[in-house]
Structure formats: C-alpha cells, structure tokens
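Reader: I'm new to this one. Could you show it to me and then take a few questions?

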Amino acid sequence: MPNKLEIRRLSKQYGDFHALSEVSFTLEPGVTGLLGANGAGKSTLMKLMTDHMPRSGGEILWNGTDILKMGRKWRALVGYTPQLQGVYDDFTAKRFLYYMGALKGMPRREIRTQTDEMLEAVNLSDAAHKKIGTFSGGMRQRVLLASSLLGKPPVLILDEPTAGLDPEERIRIRNDIAALARDRIVLLATHVVSDIACIAKHVLLIRRGKVIAFDTPQNLLADAEGKIGEFSGTYEEIQRLQAQYPNGEIAQHKDGFVLRVAENPLPEGCMPVHDNLTLEDVCHLYLKGERQYG
Amino acid sequence: MAELGRLLLSPKRLIILLMAAVINLALFSGYCRNQREESLAYYQSMRMYGMNVQSEEYRQRKAYLETEYAAYLDYVQNQSKTQSILGSLTEKNDFLNRNAEKTTRDYARLTGITLRDGENRGINAVRNYKITDYLLLIAPLLLILELLADADTAAGDLVRATKHGRVPLCAWRILAVMLLSAASVLLLYGGNLLYTCKFWGQPDFTRAVQSIPEFQYCVMRLTVGGYLLGAAALKILALTVISLLIWVILARMHPVLGWTVSGLVFGSAWLMHRLIVPTAGLNHLKYLNVFAALDADIFFSQYCNLNCFGRPVGFFGAMLLFCMILLLLGIMLCLWLIGYAYPKKVGARMEALKDRFARFLTRHLPVHTLLGFEGWKLMIAQKGMLILLIAGVMGFSLWQDIRVYVPVNAATERFYALFSGEITREHIERAAYIVSGEAKSIARSRTALARAYLERAQTDESDVSAMRRVNRHISDIQGNIQKSQSELYYYSKCLNTMLSLAQYTKETGRDAWFIRPEAYTVLFQDSAAEHRCCTVLLLYLIFSFSGICAYDNRYDTRMLLRSTKRGRLGLFTAQTVWVMLLTALAVTGLHGVYLLHMMQDAGLESLDAPAQSLKLFQWIPFSVTMRGILVLHMLLRYLAALAVTAGICIVSRCSRTPQKALLTAMVIFLLPSALAESGMEQLQMLNVIRRLTCCLQA
C-alpha cells in the first residue's frame, strides 16, 4: 500500500491573522507542485508539515498517524530544503553533508557513500572540499538539496529548490526530482511554474491561507479552458487594453501584438485560447490580483 | 568626512570600544585590588616575624628622593668621565668612548632636578599592566577586518566605481584607523589611570617623573603627566602602524597566507622585544620594534644607546624615527595597494592548497558523530580552540602574577609542626607542658631581671664598662621576656584551639584535628586573586559559548537542523556535553591556578583532616575530609559556572548572530560585574564574578 500524507483541516493563526484556514488535502507518491503568492501560507504550511511551529488546529497524518505523535520517527522520514540558504559558511560541502547525515542518524558508511552520490547528483563533486562561504547562491541551493536527499527519505518537502540555479542545472535538478518522486511524496514550492509543469502529478494552489485548487494539471487545464483568451492588435491598442487588464500578459507574435488574459467569462472581443494552454495560465486565472506567486 | 563618521560613529564601533573598555576595566580593577591585598598580606605576614616592611619601604623612598638620586647622578657623571679617560688611553673602542660622553651629556641635563614624594602605586599599576596593550588592538583590528570584508562584497565594487571611491576613500579610512587607535588608547589607558586615581588617590602629575624610583634611569626632563602623554602618543603610533601593516598584508594576500605572514612578522617582532636582553649586541631588534613602542614604558624607565656604526644613538630617538618611517610606509602602501591598485583576486594556487588541506582533514580527521560535529562547530568553526588558548595564556599569566601570603608567625609554625594532626591526649599534655614551660621560663626571666636590676643598683655608676655590661644583660633579659610572652600568647591560643576541638569531638562524636587554619582561611575567603581568576573565567564563558546557538540561528540553519531526526534532543545533548566539558576544563584550570598557589606558597596541608577541624565547617553534619571539601567547593564553583553558562546559552539561543549574542552576553553579564568590581556597590547584586568565586567567607 503506497504511503499517504493527509492534511486535515489544518489551521495556523497569528493573533487575529489566519495564515492557514482549515486546509485539507492528501499527498501521495509523486510530485505535488505548491503554488501561491508571497504570504499565501506556503512556508507556513511547510513549517507545520516539518513540525517547526505549533498548529492552531487540524491534523497531519502519516499513514493514519499524527506526525506530532511520531516525533523523531516522522523527522526521520522527511527531507527538507528551506527557502533561506541556511548553511554554515565555515563548513566544506562534504563536511556539511556528513553533518546532516549524522543529524539524520545515518550509519557512518551510509553517510560516506550517499554523500559522494548526492554531491555527484547535484554536480558539486569538484567543490566538495571548498568552504560553503565561497559558494554562489545556486551552489548553496544544491548543497541544501543534496542534504535533503541524504538518507533517501520517503517524504521530500522542497521550498524553492531551484532558486538561483542556471537553466541547465534547473533542468537537471528537475529531472532528478522527477526520478526520485516515483516512490516518494514530494511537495515542491516554486515560483517558476515550468519547474513543475512537466513533473507535477498534482498542483496545489493556495490563496490567503486557503486551498483554492488541488488537482492534476490535466484537470486544471481542462477547467481553465474557455477562461483564457487573447486580444490582438497594434502595440498602442494592446497598451490601452492592458490598462483595463493589468494582469494580462503582452506577447509579440508574427502577426502583431497579443494580450493574453484570464477572465471568467472572457470579455467581448477576446478570442478564447484552446490549443496552447499552460499551467502559467491556470495560475493567472486563480491567483490574479495577488502579488508575485511562488 | 562621511566615511569617517560612518566608520567611527556607528553604534557597532562605539559598542566595540565600550566593550573593550569594559573588559579592560574588569581585568585591571582586579589587578589593582589584588596588588593592594597582596601588599597588605605581605606587610602583615612580615609583621608577624617582627619586620615593619611598610616603614622600611617609606624610608627607602625618602632616601631615594633626598640623597640617593643625586648620588646616582654624580655616580653616572664620574663613571662616564672615568670611562671616557680610560677610552682615550686605550683608543680601542670608539663606541664606548662616545657612549660615555653621550651618557654624561644626557644625565647632565638632569642636574638640579627637584624630586617630590607622591602617590606612585597608581602610576606603577598603569605601567605594569601589559594586558591593556593587547586589548588596545581590538577596536582597530576589528575595523580593519570589517573593511576587508566590505571590500569582498558587491558594495566594495560599487564604492570603487565612484569618483572618490579609491585613493581619497582609502585616505579617509587610514585617518579613521588612526583616530580609532587614539580613541582606543584614550579610553582604555585613560580608563586605567582614572581607576587608579579613584583607587589609590590622585598622584601629583606635575612633579618630575624621576620622583618615581622606577624612572631613575630616565634622562628626559619630564613631569609625570608628560610621561603619561608621551607613553599614550607612542602607543597610538604603534597601534596605527600595526593596524595599517596588517591591513596591507591581508588586503594583498590570500587570507590564510595573510594571517600566517602577519603572525610570523608580528609574532617574531613580539618575541624579539620580549626575549632580547637590553645589553645584548642585537638590542636594536628589541628597541627598534613596534611592540617596544606599544610598551612605551621602557623608553622612559630605561637608558640605552644603540651602537649605530660606532656612534651612540639614543634608543628613544631611534625608535621614534623607525616607527615614523614604518607609519609613512604603511600609509603609502595602503594608498597604493588598497586605494590605487586593482583589488587582489584570490590566488588559484592558494585555493588549491586549501582544498587539498580540507581533503586531507576530511580523510584523516573524519567526523561522523553528532558529538564530534558539535565539537568541530564549537572549537574550529567558532574559534573555540583559539579562545581556550587565550584563556590558557591568561591563566598562566595569572599564575605568574599572583602571590599568596599567609600571616603565620614562627611560634605558631613550631606548634603546628609539633602537633598538627589528630588530637590525642598525649598531644594535649605535651602542648600544655610547652605552654607551662614557657610560662615558667617567663617567671624565671622576670626573677633574673629583678636580680639584674638589683645588680645595676649596686654597680658603681662611674664604672662605665660594668654599667654597660649590666645594661646589656637587662636588655637581653627584657628581649627574652618579650619574645617568650609573644610565644606564650600564640602557644596558648593554639592550645585553646586544640582544647576546643577536643571538646567539640567529645560533644558531637565527630572527629576534629588540629591543623593550620590560616591557609584554608585565605583560600575560602573573598580575595581579589580569586576575583581575577573568575574574571578570566567569565570572559572565557562569554566568548566561548555566546555563539553556540546563535551560530545555528544565522541564516535560519536551525530550521533545517530541527527538521532532522536528531536535530532537536540529539543536538541539544551534544551541545550540552561540550558546554559541560569545556566549562569543567575552564573551572578546574582557572581555579586550579589559585589552588596550586595555595598548595605551594601558603602550605595548604592536612588534606586528610576532617572538615570539622575548621570552625567554618563544624556545622556540616556528616564526616568529610578537607580534600572532600576542596572537591565539593570546586563542584560548587562548577555549578555556579554552569549556571552562568546556561544564561549565556539562553542569550545565544535568542540572538540572530554570534556577534549579537556576544555583545548581549557582555552587556548582561560582564558590564554590571565590571562596574561592581571597580567599586560601584549598587551593582553588587548583579556581580557575576562574585557569584563565580563561591567564597565561603566574606
């Protein structure tokens, strides 16, 4: 029976502010992309899932058992990459991974072999003995990703793991995550929709502490059909229209300029898009008016 | 100008200066009180042997001021003339002749100088306390490190891209280093002087510096105030030179190589200054040295001419010229290599070497356990090893600095030698026999005295020799009586102690031996020496542990650690083990310094005696030896240190960075303690140093 991570009516309150309000969904093996604007509650959700803060209500169940009851047993199952690059500048990459291995309670031999494997996987073998303080943001991010993969945990919670990576690295890491996710639950928060577009089994959209959509990309795309459309015209016309639809995206085609908008129902004069709908459009539809999502 | 304000008036800089001053005050006030206590204990113990050292010292000082200094000047003139005559006859050594002539000329300037007595202890304390010289380096070096770190960031490139971002900016920064050095000297050195004025009274700054016997060899016509200003100016000069040279070295070299070169250059300069004797042929290296300038005092309290191609050159002038050249060189190098030249990029060869070393460490010093990693974080990443080493050096310097005097007289010592140990009936009888024998001896001496008086009355007064003999006889008998009375007093006191201890054993059934209580009294009472050890201990605890949790808080690493299986209790346990181990090491090391002194200097003995042998411990309801009490006392001190460490760790846990944790811990733990130690009674409640001593007697 596959592993299951169930979130039931999970809430978090800071005084009168509801960071999360009765959020419910169930994660199964595969990548789940987590999308939401800044301040939507993504990091709060991840912190609650890694038991970094007390919850105000609800439950997080791992195969039916609350993670609070599991304590260190739960933490032994989780690999976590935080958003902030929290690594020791004075450690070399290899020593840092050894340290994380020790914290994860791995046997010595495992620590050694897996550290080498993970450094190879994130393309850091050449910099293994360099101090992390000398690393670029992308390299730090890869060290963190490698540390979360140590011990091959069945649950991976990744908060923007591809931030700061160059396009080639991004594709490589994305593929690695997809490979890892075959038998693991991966919750991946990112502001680059393309990171999850091709690997996510499910997409979770959060807005102001509430889940507004949780479905497969196919269903979400099907749902968006007829709500995404394009205006065509000269640059001046498109500019005038954008004043009306500030969240619309201007693009240049061979025939001229288009403004792609996500509205339900579509405004008059706007031609619905049928063929090339993307997850980006889905995000526009659900999260428009919010600040930068991701 | 804006750069000057940014660098010097930033809250961070002011806090660093203030903290350096607070550390200095805590250490220096302890030193001064220790000096006074040691003097008093020394006078008291010498008085026990019938010697009045205090009045002897006063007599010597008076003799120096009234006759000896003038005689010394005459002696120097005569010696130099003799040397000059001898030299002209032999004509073998030009330097010796010229040196004699120069010495005559130099000392001739002092003819007619008027010396006045005054309070010298404060000036001598300021002169002799060398730790301040090293604390002076804190603020300028931290500024240099900050400038170097800034240069490595994007802000460094941004600044260099502006119109005034290179040479002019560098000039302002050099000026900032100079001003900060001056501020550091004024604050720390001036703080010491102010403290001594409060502690020993204000010295007369207007008298000639030669009024202080330690400045007998000074050939400059200076007042005490002039000497202080001159010494401060030299220190500022030395500090600026050291800071600028370190800045240039670190800016142009790989950090590892830079620190190694700086360490070698300044370490060897320091060793040459400390180890070369003034009369050595290579004494140029001792005096033409930045550390000689930082010491400053030697140029006022010694006299020396350097052999410069056969010509005698005054060591002060030569050093001043040398330091000025170094200062100019430092300024020019800074302007050229830091301001004008392109910034040095990290050398690939050095990086490769560093990588190889890191690989070697990972392979040959593999750490896989959590305990090992926490040790690595604490001792290597957070420089705990260096802090421990510095604490060790400070402990060693305390070991050399502290003297313990126990006021015991010869009669009591004899009694202890005879009867120390278990109190037996035989011991009491023998002691009583000695006391009664002493009483009988006094009675016999009194009879002999009466007979001697009678004999004097019967002696013919015109017979001078007979009268002299009788008077001498009377005086001898009187002396014997006085001595016997004193011995009888001390013997009786000891016998009474023996009897009261025997009575105690009879009443309570608990053993009590007759032991020397004086050394234990000194050990358990509140003393400045103990406070000095505890000041170093507190500084060690603050510097060593303030980063322990804050290091994990930086960049929110704690969140990552806490998401792992052993990142909570396991991490806490490993950190606690290290904290307990290192605290135990520091406590035993630093308190051990004082305990060893007590063993060696004060004759702490009878460790197997029951603790109830001392009145102080007669309330203890169980049997325990003095050794046990010492262990328990050490344990108590350990617990006190652990309590303080726990406080520091809590501060560390609540701080975002190790630097903030360090400053907060210093403000909470060190600042009130330092102020209380320096005499602010209102803050005694917050005095952590006092709590750390765990004194059992006031």
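Reader: How many Å separate the centres of domain 1 of chain A and domain 2 of chain A?

Author: First, this is a predicted model, where local features need pLDDT of at least 70, side-chain atom pairs count only at pLDDT 80 or more, and totals for chains, interfaces and linings use all residues. Residues are numbered from 1 along each chain as its sequence is written, while chains are lettered from A and ligands numbered from 1 in the order in which they are written. Chain A is split into domain 1 (5-219) and domain 2 (226-273), with bounds from an automatic or database domain assignment. Taken over C-alpha atoms, the gap between their centres is 36 Å.

Reader: What is the bridge partner of A:Ile7 in β4(A)?

Author: Strand β1 (residues 5-14) of chain A runs antiparallel to β4 (residues 57-62) of chain A, and five bridges join them. In β4(A), A:Ile7 is bridged to A:Ile60.

Reader: Which helix supplies the largest share of the side of chain B that touches chain A?

Author: The contact (C-beta atoms, placed from the backbone, within 7 Å) takes 29 residues from chain A and 23 residues from chain B. On chain B, α16 (348-364), α17 (370-381) and α25 (557-562) each supply at least two residues. The largest share, five residues, comes from α25(B).

Methods:
Two residues are in contact if their C-beta atoms, placed from the backbone, lie within 7 Å. Helices (H or I, at least four residues) and strands (E, at least two) are DSSP runs, numbered from the N terminus. Two strands pair if DSSP finds at least two bridges between them.
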